[in-house]
Amino acid sequence: MKKNKVLIVHAHPEKASFCSSLKNAASSYFTEAGCEVKESDLCAMGFNPVGDKHDFISLQNPDFFKYQMEQVHAFQNNLFEESLKAEMEKLEWCDILIFNFPLWWFGLPAILKGWVDRVFAMGFVYGAGKGVYDNGIYKDKTAFVTITTGGPQQAYGESGKNGNLDNILFPIHHGMFYFVGMTVLPPFICFSPARITEEERKSELVRYRNYLENMDNHTPVYTNK
Ligand code: FAD
């Protein structure tokens with residue numbers, strides 16, 4: 001595999017969870033493959049997910065706060081506060097972006113949603129002269145999600161009660177990754193790790209390693225190449 005730069009953004013509050021084990025498995029795999037790996041372990045970092053005035057060293061308009069306009073202004077004038085800028089630099093640096101998380105309320109845990117709100121800033125990754133989708137700036141980056149669920153696989157099938165996971169993941173695949181031009185690989189999903197046996201969990205880790213080893217062969221969900 002190409003010596004990629006890999007960023008894993010991880011959002012689980014328990015380091016011994018199965019979700020965290022998946023994060024560790026990816027980190028080990030890419031490191032062994034000669035890639036550089038960086039992690040943003042958001043819960044461990046105590047990442048503040050709330051997009052607000054604190055994102056900025058100073059404001060363009062202190063009388064009326066308009067978040068996207070301040071993001072554009074901050075990008076153009078180097079006014080993002082340091083810890084946010086560090087996350088933006090990791091995003092800019094990586095070739096492969098992985099969101100590793102437990103499905104919470106059919107979506108991203110708030111801490112990870114907030115990372116996107118703040119890091120995928122207007123002016124930095126889209127807007128103010130930068131395009132979106134096929135004209136997005138990150139056409140050379142690849143992204144995918146690695147998820148654990150509570151519900152079993154059959155609950156997420158076409159006729160399952162929870163609905164189709166492709167629809168659930170649309171806001172992430174389409175509205176975040178592809179929006180900024182990334183190639184999006186199919187998700188790796190581990191259904192109900194808490195309801196399967198220890199042996200089955202070990203098999204899931206093997207299946208994940210196999211998914212990673214075959215990354216170049218997955219048919220993308222989106223690509224603009
Ligand atoms: P864990 O309970 O941490 O892991 C299961 C077991 O794996 C543990 O016993 C652990 O010891 C063991 N383990 C850890 N590492 C290894 C290893 N290396 N090898 C073998 N075993 C190991 N679910 C849905 O389906 N849809 C929802 O919308 C949804 N919303 C939620 C909202 C909230 C606020 C919360 C808290 C949960 C929600 N859930 C939902 C459930 C959630 O998605 C699952 O609880 C979670 O994904 C399970 O993964 P885990 O890593 O937390 O499991």
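Student: What is 3.2 Å from a polar backbone atom of Phe18?
Tutor: An oxygen atom of the ligand, a polar contact (a pair of N or O atoms within 3.5 Å). The model is predicted, so local features need pLDDT of at least 70 and side-chain atom pairs pLDDT 80 or more, while totals for chains, interfaces and linings use all residues. Residues are numbered from 1 along each chain as its sequence is written, and side-chain values use heavy atoms, without hydrogens and water.

Student: How far is the side chain of His12 from the ligand?
Tutor: An N or O atom in the side chain of His12 is 2.7 Å from a ligand oxygen atom. A backbone N or O atom of Gly150 lies 3.0 Å from a ligand nitrogen atom.

Student: Switching to pockets: what lines the largest pocket?
Tutor: There are 14 lining residues, with Asn4, Thr142, Met215, Asp216 and Lys225 nearest the centre. A pocket is an open set of points on a 1 Å grid over the protein atoms alone, where a 1.4 Å probe fits, with protein on both sides within 12 Å along at least five of seven lines; lining residues have an atom within 4 Å of a point.

Student: Which helices supply the second largest pocket?
Tutor: α3 (67–77), α5 (110–119) and α6 (165–177) each supply at least two lining residues.

How values were computed:
Polar contact = N/O pair within 3.5 Å; in protein donor to acceptor, adjacent residues only side chain to side chain. Helix = DSSP H or I, 4+ residues; strand = E, 2+ residues; numbered from the N terminus.
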